[in-house]
Amino acid sequence: MSLLHWAVLSPFLLAIIVPILYKLFRQIHTGWFVLILPILLFTYFSRFISLTKQGDIIMESATWIPSLGIDVDFYVDGLGLLFALLITGIGSLVVLYSIFYLSKEKEKLNQFYVFLLLFMGAMLGVVLSDNLIVLYSFWEFTSLSSFLLIGYWNERERSRYGAQKSLLITVLGGLSMLGGIILLSIMGNTFSIRELIAQSGELMDHSLFVPALLLVLLGAFTKSAQFPFHIWLPDAMEAPTPVSAYLHSATMVKAGIYLVARLSPVFAESGLWFWLVSIAGLITLFWGSFSAIKQTDLKGILAFSTISQLGLIMSLLGLGAAALHYETLGENIYLAATVAAVFHLINHATFKGSLFMVAGIIDHETGTRDIRKLGGLMQLMPITFTVAVIGAFSMAGLPPFNGFLSKEMFLASMVNVLELNIFNMETWGVLFPVVAWVASVFTFIYSMIVVLKPFTGKLQLQLLEKKPHEAPIGMLISPIILASLVIVFGIFPNLLSSSIIKPAVAGIQPSLVGPDFQVHIDFWHGFQPEVWMTIGIIAFGILLYMTLPKWQKITQWIPERISLNALYDNGVRGLERSASSVMKVLMTGSIRTYLLSIFLFFILSLGFTLYWKDAFKLDTGDFAQIGIYELVLAAIIVIGSIAILFARSRLTSIIILGAVGYTISLFFVLLRAPDLALTQLVIETISVALFLLCFFHLPLMASRKEERMTFKLNNAMISIGVGVIVTLIALSAHSNKLFDSISNYYLENAYKEAGGKNVVNVILVDFRGLDTMFEICVLSIAALGIFAMIKLRLTGGKDKS
Amino acid sequence: MELLMAIVIGILFMCATYLMLSKSILRIIIGTGLLSHGAHLLILTMGGLKGGSVPLLSDEAATYVDPLPQALILTAIVISFGVTSFLLVLAYRTYQELGTDDMEEMRGTETNE
């Protein structure tokens, strides 16, 4: 256990202590105790920057299950470090924000911070694990803690719905990812990501490569809310706003992005990966930005905007895969897509985090998040407004904020696609920049909605629950820090380029990034096509925003009942319904139907096996002679047992059963089994007596008439089938004798070894005495059971009427 | 002989199955009785019905019938007797408590709980 291990595990350890602190120090907000940890972790991880900058990788191992090749190996490279810094950095800000957001009197703070710390630890584990099984464990931990956080206000129905939905979808993806991991480990014979990357060339040709790729991508897409699995994210907005800011904009939803980036060196050679990742990303980008416009809830807009931006990053990672097909570094324009993805990842975390916090402040200070009720908050909340402007303008891609730079790089990468001459890009490639441009226009529009609707226009005090005023300073610190980062990264992007972005890109594409690779982000690079595209976006965006009321109805063109949400809801409901209807058909509660299925299965399975194996054989050579006595006795048994079926009274049936029993004991006499005959006689007598006792005590009720069994064709067919199968198997087994009996040993040794001449009795008490002992046990248990049944009369507290 | 026995056993199984599929609890128990008879005969038949002496050692007999199936059947008879008597008393108590011997009326479905 190294320091790195303790760093990843520390949130879990603190999570154990938090409830104690909560109970001990009721007057201090629990968040202050929690706040220390992410700050410490952030400083700890910052020290790694200088190492990863030189291309060093820190690797620490600890054994967990060595026999299965599962060890807790953590390693820090540029990509992992970037995520670790995001998690701890934004984590600190979110904890600080939550201290002022959540009231210490009204809320269950102990639960909140325990869940949040569990999540933080799990997320750190995901991004720093080298072992895929460890990664998967932490991955499911993030799903679980996210479930708990979404359902934090568990008395609300919508929270529980959102939590369940997100859990179902992300766990679906998580499990399929586990499948992909197992396939990968079968192919590469290791769970270590590093070792898999080392043998990526050979994996390509393996027959399991494509299934593994699809399963892993399904996991990444569900977690990162890609189309059509994005539906859980808008419903997850029922969580407290700090949670939305942390999990559903900056960290958890990027776990899928991380996974795609991390496994790019393994999969990205394949054209399938390129297509799936970039197309899924583009569809998500378009659909998210389009759907954001019709939302009226501020957090709803931000949720769809997150979906859309995640799609943007995903599509860039997909395009980055094209770089692998070009050797020369100098002219490799596709590597820029990966740089753009990493840069936008950072930018998105900063501006989206701040925007969520702004939404939280508006909610906290006015009591609503509905943009139709909000307006004119600019004068009342100037600081919040400033932060919102910075965040939203960055999201829209306006200069001088960081979103502008990454959006330019994104458009440039999309334009570069046109020059791609692999994977049939000549025909379809033109769609990439077009979709990207249209989606950017939508992005501009909803960004303007976010900032302009609540802050400008008329103040409608009568619609608001509270009188709005500026938030307390503590609540503003975190969004201000994030907004200033937006500006700093916007104006001085090269602060990040060599320290953070380059090592991260090296983590995604290790084969291409050498020491001479340089990331340089230019503010102005001449009149490239992307500049014109940006100008077009702004122009069209303004035009469309001005005319928004005229065309906003178009966004409602998909009716709610055929939307993806309805599909999900109906799917869940349909599954429940069909499961219960299947159960209703199978589980009738009637013993007759269960017996019917048992017998039917008996007939079909044995009959089919006999037929399929061609097992039936009739060898009459071994048969003994039939004597007249046997024939008569057999006739009595047959007639007797059939007569039971037609007997009207039960008394008759009981007497015939006795007759059959005595005939069988006569059979035992004929077949030279004296002990059997004796036992059978005695036992048949007692059984018949018991039957008669039972019959005698039948309740005398009007409904209980003596009647024949009604004939049922199904029952008859099943019974005949059972009889025939038993006969066939008996004959077949008898004709297939493989070896002689072992009875000669008993016959020879009964007297010599055991000193008895009755061989059957010697077997029962000497050779195989254990059987007899437990048979005695059976009788004793039956006797005790009968005694208890008759004597013990517990009515369960109810009086018998 | 074995062919005859196999057919008799088959008919015993057939009648037993038919009785077990009926509604009356007493008939079901009668069915289990027939079923155990069938099973016992089956064990005996499978051991071979070739002639031979009773498995009591004596000087006159040259061959004996197989003693092992007989020992097995003896155990089975006693066990099935124990189970049958338990079932019968259970049925008797069921009559007393529920006032019915119809299995269809004893269904533990959600509607009548």
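Analyst: A salt bridge here is a side-chain nitrogen of Lys or Arg within 4 Å of a carboxyl oxygen of Asp or Glu. By that rule, the structure holds seven salt bridges over all chains. The model is a predicted one.

The setting comes before the pairs. Chain A contains 33 helices and four strands. Its C-alpha atoms fill a box of roughly 115 × 65 × 55 Å along the principal axes. The radius of gyration of chain A is 38 Å, whereas a compact globule of 801 residues would have one near 28 Å. Buried residues make up 56% of the 801 in chain A. Chain A exposes about 35,400 Å², and carbon and sulfur atoms supply 68% of that area.

Now the charges. Chain A carries 51 positive and 49 negative side chains. The centres of these two sets lie 15 Å apart.

Start with Arg262(A) and Asp77(A). Their side chains meet in a salt bridge, at 2.9 Å from N to O. Arg262(A) sits in helix H13, which covers residues 255–267 of chain A. Asp77(A) sits in the loop between strand S4 (74–76) and helix H4 (78–101). The pair therefore ties together parts that are 185 residues apart in sequence. Are these two partners buried or exposed? Arg262(A) is buried, with a relative accessible area of 1%. Asp77(A) is buried too, at 4%. Both values fall under the 20% cut-off for a buried residue.

Next comes a linked group. Arg158(A), Lys165(A) and Asp235(A) are joined in a network of salt bridges. Take its links in turn. Arg158(A) pairs with Asp235(A), and their closest N and O atoms are 2.8 Å apart. Arg158(A) lies in helix H7 (residues 157–188) and Asp235(A) in helix H11 (residues 232–235), so this pair ties together parts that are 77 residues apart in sequence. Asp235(A) also forms a salt bridge with Lys165(A), with the closest N and O atoms 2.5 Å apart. Lys165(A) lies in helix H7 and Asp235(A) in helix H11, so this link ties together parts that are 70 residues apart in sequence.

How covered are the members of the network? Arg158(A) is partly exposed, with a relative accessible area of 41%. Asp235(A) is buried, at 10%. Lys165(A) is buried, at 0%.

Among contacts in chain A between residues at least 6 apart in sequence, 79% join residues at least 24 apart.

Ile362(A) belongs to helix H16, which covers residues 335–366 of chain A. Ile362(A) is buried, with a relative accessible area of 1%. Leaving aside residues up to four places away in sequence, Ile362(A) touches Leu298(A), Gly367(A), Thr368(A), Leu374(A), Leu377(A), Met381(A), Pro454(A) and Phe455(A). Ala471(A) is 109 residues from Ile362(A) along the chain, yet their C-alpha atoms are separated by 8.4 Å.

To recap the part you asked about: Arg262(A) and Asp77(A) form one salt bridge, and Arg158(A), Lys165(A) and Asp235(A) form a linked network.

Definitions and conventions:
Residues are numbered from 1 along each chain as its sequence is written. Chains are lettered from A and ligands numbered from 1 in the order in which they are written. This is a predicted model: local features need pLDDT of at least 70, side-chain atom pairs count only at pLDDT 80 or more; totals for chains, interfaces and linings use all residues. Side-chain values use heavy atoms; hydrogens and water are left out. Helices (H or I, at least four residues) and strands (E, at least two) are DSSP runs, numbered from the N terminus. The radius of gyration is taken over C-alpha atoms; the globule rule is 2.2 Å times the number of residues to the power 0.38. Buried means under 20% relative accessible area, exposed over 50%, partly exposed in between (1.4 Å probe, protein chains only). Contact means heavy atoms within 4.5 Å. Accessible areas come from the Shrake-Rupley method with a 1.4 Å probe; for residues, only the protein chains shown count as cover. Lys and Arg count as positive and Asp and Glu as negative; His and the chain ends are not counted. The place of a charge is taken as NZ of Lys, CZ of Arg, CG of Asp or CD of Glu.
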